[in-house]
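My notes follow in the order in which I checked them.

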Amino acid sequence: MSFEGGGCEIPIRPPDLSLHGMFVNTSTHFPEGAIVNLRFRLTHSNLEVQTRGEVRYCLPGIGIGVEFVGLGAEAGRAIEKELKAFSRPRHLKK
């Protein structure tokens with residue numbers, strides 16, 4: 001992730017992903033409304049997603065909530081499949 005207009009890249013491990021955005025753990029402060037460039041790889045499909053996001057809220061020292069801006073159709077479908085794959089109930093063998 002990088003702040004638009006700034007050259008420094010910040011590694012991220014997004015713990016919470018949705019079709020519309022994500023929460024990113026980071027101790028870096030980003031003001032609400034800031035535009036960030038995001039790049040992350042989906043676990044299930046191994047697709048790399050690159051998009052812009054707008055910071056919607058910041059929890060100082062914890063992370064930021066980011067809404068995707070201009071997410072491509074292919075990336076949106078891949079995220080939707082990813083979310084469905086990880087939300088399926090897993091049956092335990094007896």
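The rule takes rings of Phe, Tyr and Trp (its six-membered ring) with centres within 6.5 Å; planes under 30 degrees apart count as stacked, over 60 as edge-to-face and the rest as tilted. The model is a predicted one, in which local features need pLDDT of at least 70 and side-chain atom pairs count only at pLDDT 80 or more, while totals for chains, interfaces and linings use all residues. Residues are numbered from 1 along each chain as its sequence is written, and side-chain values use heavy atoms, with hydrogens and water left out.

Pair one. I find Phe23 and Tyr57 stacked, at 6.1 Å centre to centre with 25 degrees between the planes. Phe23 is in strand β3 (residues 21-25) and Tyr57 in strand β5, so this pair ties together parts 34 residues apart in sequence. Strands (E, at least two residues) and helices (H or I, at least four) are DSSP runs, numbered from the N terminus. I then asked how accessible the two are. Phe23 counts as buried at 11% relative accessibility, and Tyr57 counts as partly exposed at 38%. Buried means under 20% relative accessible area, exposed over 50%, and partly exposed in between (1.4 Å probe, protein chains only).

Pair two. Phe40 and Phe68 are also stacked, at 6.1 Å centre to centre and 15 degrees between the planes. Phe40 belongs to strand β4 (residues 35-41) and Phe68 to strand β6 (residues 63-69), so the pair ties together parts 28 residues apart in sequence. Phe40 is buried at 7% relative accessibility, and Phe68 is buried at 10%. Not counting residues up to four places away in sequence, I list Leu17, Met22, Leu47, Glu48, Val49, Phe68 and Ile79 as touching Phe40 (contact: heavy atoms within 4.5 Å).

Core. The largest nonpolar core has 17 residues, of which Leu38, Phe40 and Ile64 touch the most other members. Such a core is a set of buried Ala, Val, Leu, Ile, Met, Phe, Trp, Tyr and Cys residues joined through side-chain atoms within 4.5 Å. I note β3, β4, β5, β6 and α1 (73-87) as the elements giving two or more residues to this core.

Last, Thr51. I place Thr51 in strand β5 (residues 48-59), and Thr51 counts as buried at 8% relative accessibility. A polar atom of the Thr51 side chain lies 3.2 Å from the backbone oxygen of Val69. Leaving aside neighbours within four places in sequence, the contacts of Thr51 include Leu38, Phe68 and Val69.

Definitions and conventions:
Polar contact = N/O pair within 3.5 Å; in protein donor to acceptor, adjacent residues only side chain to side chain.
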